[in-house]
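Student: I should like to learn how to read individual features of a protein model. Could we work through some cases together?

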Amino acid sequence: MIPEHVRGQLDAAYSDEKYQQIRALWKHHSVSEDQRSIEGLMSTLTEDCEYVMRPSGTKWQGKDGATRFYSELLSAFPDIKFELQNIVIGPQGVYEEADVSGTLLGNWQDWRGDGQRIECSIQIFFPWDEAAGKFRGEIIHLDYDRILARYGVCQVA
């Protein structure tokens, strides 16, 4: 059985105009992230956006939560770099795969900043809100176990 919200995604209308709108906003989001512009990032999100880390399930709610997410991430990894590997843009939003690297200088989630350079792959889905013409946040897939095993990242006590 297909859940109703997924059925809605399957039935989403496609047009070149919508594609260009979603693509342009994703590019603005990406450039804002590279420039460390919280204001620019927030301009791409709905007021009730949600950031979700998978598989941990950690969530940040609304623009206040998204601001905390980015402030903490960019403080912990001041040199973080996303190298896009694949991207899909459609009426449902944007899906991307990227190689990420950065130096863990501050605490982030349960990780203690120890100056270690971390490299990993990440998958992110930016769900599209048609009515608002913005993203409803991000669903971020990060393989914590692999990072812990590879780097032995220390957890915050």
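The dialogue below takes up a helix, aromatic rings, a histidine and the cysteines in turn.

Tutor: Please bear in mind throughout that this is a predicted model.

Student: Let us begin with helix α4. How many residues does helix α4 have, and what span should they give?

Tutor: Helix α4 covers residues 62–76, which is 15 residues; at 1.5 Å a residue they should span 21 Å.

Student: How should I read aromatic rings?

Tutor: A pair of aromatic rings is described by the distance of the centres and the angle of the planes. In this model the count comes to 8 aromatic pairs. One of them joins F69 and Y70, with 5.0 Å from centre to centre and 80 degrees between the planes, an edge-to-face arrangement. F69 is buried at 4% relative accessibility, and Y70 is buried at 0%. The pair W108 and W111 is also edge-to-face, because the ring centres are 5.5 Å apart and the planes stand at 75 degrees, where over 60 is required.

Student: Are W108 and W111 buried or exposed?

Tutor: The cut-off for buried is under 20% relative accessible area. W108 has 5%, so W108 is buried; W111, at 4%, is buried too.

Student: Where does H29 lie, and what does the side chain of H29 contact?

Tutor: H29 lies in helix α2, residues 16–34, and is buried with a relative accessible area of 2%. The side chain of H29 makes a polar contact of 3.0 Å with the side chain of E138. Beyond neighbours within four places in sequence, H29 is in contact with L41, T44, L45, Y51, Y70, F126 and E138.

Student: Finally, how many disulfides does the structure hold?

Tutor: The structure holds 0 disulfides. C49 is buried at 0% relative accessibility, and C120 is buried at 18%.

How values were computed
Residues numbered from 1 in each chain as written. Predicted model: local features only at pLDDT ≥ 70, side-chain atom pairs only at ≥ 80, totals over all residues. Heavy atoms only, no water. Helix = DSSP H or I, 4+ residues; strand = E, 2+ residues; numbered from the N terminus. Buried < 20%, exposed > 50% of the residue type's maximum accessible area, 1.4 Å probe, protein only. Polar contact = N/O pair within 3.5 Å; in protein donor to acceptor, adjacent residues only side chain to side chain. Contact = heavy atoms within 4.5 Å. Disulfide = S-S within 2.5 Å. Phe/Tyr/Trp six-rings, centres within 6.5 Å; stacked < 30°, edge-to-face > 60°. Expected span 1.5 Å × (residues − 1).
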